[in-house]
Amino acid sequence: MERVISMANITTDEKIAIINRYHANPEQALNILIDLQFTSSDGYIDQATAQLVAAHLGVTETRIYEMVSFYAILKEAPQARYVMKICNSAPCHFSGEQIVSHELEEILDIQEGQMTHDGLFMYHSIPCVGACAQAPFIKIKDRVFANLTADDVAQLISDLRAGRYPEL
Amino acid sequence: MITREQPVLTARFDALKADPTNVAAFCELAGYDALKKAVTMEKTAILDELDTALLRGRGGAAYPAGKKWRSLYQSAGDTKYIVCNADEGEPGTFKDKALLMSDPLAVIEGMTIAGYLFGARQGYIYMRGEYRSLHRQFAQALAHARQANFLGENILGIAGFNYDIRIISGAGAYVCGESSALLNSIEGKTGRPRVKPPHLAEVGLYLKPTLVNNVESFADISVIVREGGAAFLNLGTKDGGGTKLICLTGHVKNRGLYEVNLGTPLYDLIYSDQYGGGSSTGRPLKFIHFGGQSGPIGAVAQLKDCIYSYDGLWDYDLSIGSGALVVLDDSVSIVDYLTSVSQFFTHESCGKCTPCRIGTLRIQELLEKFQQKIAVPGDLEVLKSMMTHVTQLSACGLGRSVTTSMESGLKLFPDEFAAAINQQTAEQREVMW
């Protein structure tokens with residue numbers, strides 16, 4: 001039976017399929033959780049999903065939440081449609097990354113980690129995504145928008161609003 | 001014999017651009033020659049070549065791979081694990097990403113040689129979560145290697161040579177780059193470091209003897225076996241063989257990844273057009289942060305004669321670390337810079353041991369006082385004591401290296417700290433412990 005629970009767009013059967021893709025192997029807990037999170041349009045692990053993973057992997061729910069809270073990529077709360085990642089580590093910070101964070105705060109009227117009212121945008125500072133030679137940048141999913149100016153950031157936001165990057 | 005002018009790690013990057021997972025194309029470019037050679041060699045002869053090559057661990061610790069491999073070889077037990085640390089997370093470093101992206105089979109070949117040498121059946125590659133797009137490609141490279149019988153059962157037709165590699169995803173924890181934390185993470189635990197000893201070569205993954213090496217180190221293994229230890233040593237200097245992948249970032253014109261011979265003059269890397277090309281801002285370059293956030297800082301003006309090699313940097317109390325070179329101009333205050341470094345460590349401390357968990361925060365608070373120019377007399381002494389505290393009492397390598405950059409920054413630019421102290425205020429006399 002398919003039943004939609006709160007990670008809105010994935011059914012329990014689909015979740016189990018993801019768990020089984022990794023043979024329900026506890027070694028692959030992170031792979032499983034990350035796949036579940038990014039398959040969900042809400043971009044996080046809700047409690048029902050955590051319980052489901054725990055049951056299939058034969059570990060406790062606490063163990064799953066320990067992972068979700070320990071590892072920065074895993075989220076316990078719903079994420080925006082477009083999660084923008086910027087880097088706040090020294091190599092990027094001193095290569096103009098504040099231009100990006102400043103511009104995002106200006107345009108979107110949000111602080112780091114907050115979601116815009118329309119649910120479209122939020123941004124997180126990540127300590128290094130390995131795009132240090134492309135700073136200032138914004139990373140959305142696997143795509144890096146490199147060497148940005150303030151104008152580029154504004155353009156990117158309006159392009160995203162206009163739906164120009166449906167794949168992201 | 002390969003000459004010093006030839007790249008070895010990036011040699012295939014362009015040719016494999018169309019499909020870096022193509023085994024046939026890889027083999028045409030000397031791919032798997034090393035594995036084919038390794039299976040004809042005495043196992044101890046392979047270890048001898050590694051010793052001769054003097055490959056120092058490319059993750060950052062610079063521990064000779066030959067010693068690490070020999071100690072695992074001598075460990076008792078039939079079950080041994082091979083683990084590739086691809087949790088690249090040192091800010092300013094993206095060289096493992098380049099290897100995984102452009103020549104993944106070279107890494108797989110190195111891991112397979114290890115599998116053969118140690119009679120391991122299972123290898124793991126722990127890839128950082130931020131490199132998600134590379135996971136799919138690496139999985140494809142593994143699948144292609146399996147199809148060509150370079151992984152799986154009876155590899156190369158050799159009965160009993162059974163070995164395969166599994167990808168484990170990291171999920172954004174810098175501390176998992178620490179080997180024992182990484183193994184805990186593979187075991188499905190939170191990735192916090194273990195107390196060592198015992199060493200991982202004796203008690204590693206699932207308590208079995210385990211080899212953990214960096215991505216670049218594994219790629220180097222193939223070069224060493226194929227070309228011989230002496231040829232590899234010749235690519236570098238007597239205190240560390242090979243080429244090194246370096247990542248230039250910050251205020252240089254040509255930021256990016258380069259493969260360089262160990263032994264190249266540092267100024268060439270920073271100023272020559274072939275590499276960094278000098279300042280991108282028009283301002284003089286002030287300092288270089290070597291090897292990631294856990295590495296030391298050097299003042300550009302003092303490094304005119306410095307050679308980029310393990311021993312060359314040691315002469316200046318510097319180190320190669322991961323190969324990151326963050327070059328900054330004179331607009332950057334050392335206090336601002338180190339405050340940013342301290343924020344990174346506060347964020348990434350895993351919280352297992354108190355000196356690191358609390359100490360990183362205390363250091364950050366103190367540096368922020370200097371940054372805001374509200375430090376009072378005595379704060380510098382408190383900062384230094386706290387740094388000693390964190391360095392000496394933290395349980396793992398991460399905690400012990402938190403202050404490396406701060407030690408060098410304080411030594412090189414003491415005036416910038418002194419200038420941030422308000423001498424009119426009463427002296428701070430804090431009893432710390």
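The model is predicted.

The size of an interface is often given as the accessible area lost when the parts come together. Between chain B and chain A, about 3,300 Å² is buried, with carbon and sulfur atoms giving 53% of that area. Three residues, B:E130, B:A171 and B:R255, supply 21% of what chain B buries against chain A, more than any other three residues. In terms of residues in contact, chain B brings 53 and chain A brings 37.

Polar interactions also cross this interface. There are 23 residue pairs in polar contact between the two chains, with both partners at pLDDT 80 or more. On the side of chain B that touches chain A, at least two residues come from each of β2 (122-127), α7 (132-147), β3 (164-169), α8 (179-186), β5 (243-250), β11 (324-329) and α13 (334-348). Of the contributors to this side, α13(B) gives the most, with seven residues. By residue class, the side of chain B that touches chain A divides into 21 nonpolar, 20 polar and twelve charged residues. Five salt bridges are found across the interface of chain B and chain A. A salt bridge also joins the side chains of B:R132 and A:D35, with an N to O distance of 2.3 Å.

A pair of aromatic rings is described by the distance of the centres and the angle of the planes. Over all chains, the structure holds 19 aromatic pairs. In chain A, the ring centres of A:F70 and A:Y71 lie 5.0 Å apart with their planes at 85°, so this pair is edge-to-face. Both residues are below the 20% cut-off for burial: A:F70 has a relative accessibility of 16% and counts as buried, and A:Y71 counts as buried at 1%.

A pair in chain B can be described in the same terms. The rings of B:F287 and B:Y337 have centres 5.1 Å apart and planes at 75°, so they too are edge-to-face. Because B:F287 lies in strand β8 (residues 285-290) and B:Y337 in helix α13 of chain B, the pair ties together parts that are 50 residues apart in sequence. Both B:F287 and B:Y337 are buried.

The side chain of B:T93 reaches the backbone oxygen of B:E90 at 2.9 Å and makes a polar contact of 2.9 Å with the side chain of B:S322. Leaving out residues up to four places away in sequence, the residues touched by B:T93 include A:C128, A:G130 and A:C132 from chain A, along with B:Y131, B:C247 and B:A324 from chain B.

B:N214, in contrast, is placed in a strand, β4 (residues 210-214) of chain B. The side chains of B:N214 and B:D96 are joined by a polar contact of 2.9 Å. Beyond neighbours within four places in sequence, B:N214 is in contact with B:R58, B:G59, B:C84, B:N85, B:K95 and B:D96.

Terms used. Residues numbered from 1 in each chain as written. Chains lettered and ligands numbered in written order. Predicted model: local features only at pLDDT ≥ 70, side-chain atom pairs only at ≥ 80, totals over all residues. Heavy atoms only, no water. Contact = heavy atoms within 4.5 Å. Buried area = accessible area lost by both parts, 1.4 Å probe. Salt bridge = Lys/Arg side-chain N within 4 Å of Asp/Glu carboxyl O. Polar contact = N/O pair within 3.5 Å; in protein donor to acceptor, adjacent residues only side chain to side chain. Helix = DSSP H or I, 4+ residues; strand = E, 2+ residues; numbered from the N terminus. Nonpolar A, V, L, I, M, F, W, Y, C, P; charged D, E, K, R; others polar. Phe/Tyr/Trp six-rings, centres within 6.5 Å; stacked < 30°, edge-to-face > 60°. Buried < 20%, exposed > 50% of the residue type's maximum accessible area, 1.4 Å probe, protein only.
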